[in-house]
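The exercises below are meant to be worked through with the sequence and the structure side by side. Please try each task before reading its solution.

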Amino acid sequence: MLSPILAPPARPQPAANDLPDEELMIRIARRDDVALAQLHDRYRALAFSVAQRVVSDPARAEDVVQDAFLAVWRRAGSYAPGRGSVRTWLTSVVRNRAIDVVRATRERPVGDEDGMLLALEDGAPAIDEQVAATIDGEATRRALGQLPDEQRQAIALAYFAGLSHSEIADRTGLPLGTVKSRVRLGLQRMRLALTPVAV
């Protein structure tokens, strides 16, 4: 047996705050609450911002964030790295929870510009999930590249810059209805481009 002096030093285990998001998700799926706390610390501000943008109430946004991280705890095993980043997946979970809250309370009408995803009631409820799930993927970049410039700009401002329809209208000087149409039409085109063709 090697003496402690001659034994090779033990490799330090990385702390949860040093781990990549994907490793945190693996640990969360194994019920590691320290990993969940670290993911929460990393993305709480982003999650709150997304929730607040949809529900427009800080207390309700906090509830949405809590519900979303509870969903992450329960569904961490369903995260598929090949479909997008943890950040994108988590953002989608938060948005969906926030939309559920708005729909349940009916305090704001479906289609309100601050709840961008609520405005996409065109018979394709999975459109936002499909775009969000593949937002980091090559297929999405190609689909975005095929859009007319005005639709690509509107979607980039909405999904990548996180602006609401009214904020996009303010930034671009366009009428609100025009912004909504460009986002909706662009997402419809992207959905078509991202839908596998049956053989």
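Predicted model: local features only at pLDDT ≥ 70, side-chain atom pairs only at ≥ 80, totals over all residues.

Residues are numbered from 1 along each chain as its sequence is written, and side-chain values use heavy atoms, with hydrogens and water left out.

**Exercise 1. The chain and one of its helices**

Task: Describe the makeup of the protein chain, and state how the span of helix H4 relates to the expected value.

Solution: Begin with the elements, which are DSSP runs numbered from the N terminus (helices are H or I with at least four residues, strands are E with at least two). The protein chain has 9 helices and 0 strands. Next, consider burial, where buried means under 20% relative accessible area, exposed means over 50%, and partly exposed lies in between (1.4 Å probe, protein chains only); of the 199 residues, 38% count as buried. Contact means heavy atoms within 4.5 Å, and among contacts between residues at least 6 apart in sequence, 61% join residues at least 24 apart. Finally, take H4, residues 86-105, whose 20 residues reach 29 Å from first C-alpha to last, close to the 28 Å expected at 1.5 Å a residue; the expected span is 1.5 Å times one less than the number of residues. The buried residues of H4 include Trp89, Arg95 and Ile99.

**Exercise 2. H8 against H9**

Task: Determine how the axes of H8 and H9 are placed and which residues meet.

Solution: Axes are lines fitted to C-alpha atoms, for helices over the stretch in contact, and angles run from 0 to 180 degrees between N-to-C directions. The axes of H8 (residues 165-172) and H9 (residues 176-194) come within 9 Å and cross at roughly 115°. Angles under 35 degrees count as roughly parallel, over 145 as roughly antiparallel, 65 to 115 as roughly perpendicular and the rest as oblique, and H8 and H9 are therefore roughly perpendicular to each other. In the contact, His165, Ser166, Ile168, Ala169 and Thr172 of H8 meet Leu176, Val179, Lys180 and Val183 of H9. These residues divide into 5 nonpolar, 3 polar and 1 charged, where Ala, Val, Leu, Ile, Met, Phe, Trp, Tyr, Cys and Pro count as nonpolar, Asp, Glu, Lys and Arg as charged, and the others, Gly among them, as polar.

**Exercise 3. H1 against H2**

Task: Work out the arrangement of H1 and H2 and the makeup of their contact.

Solution: The axes of H1 and H2 come within 8 Å and cross at roughly 140°, which makes H1 oblique to H2. Asp21, Leu24, Met25, Arg27 and Ile28 in H1 meet Ala35, Leu36, Gln38, Leu39, Arg42 and Tyr43 in H2, and the residues of this contact divide into 7 nonpolar, 1 polar and 3 charged.

**Exercise 4. Residues in loops**

Task: Locate aspartate 32, arginine 31 and serine 56, and characterise each.

Solution: Aspartate 32 is in the loop between H1 (21-29) and H2 (33-55), and with a relative accessible area of 23% it is partly exposed. Leaving aside residues up to four places away in sequence, aspartate 32 touches Arg27 and Trp73; tryptophan 73 is 41 residues away in sequence and 9.1 Å away in space, C-alpha to C-alpha. Arginine 31 is found in the loop between H1 and H2 and has a positive phi of about 70° although it is not a glycine. Serine 56, in the loop between H2 and H3 (58-75), likewise has a positive phi, of about 55°, without being a glycine.
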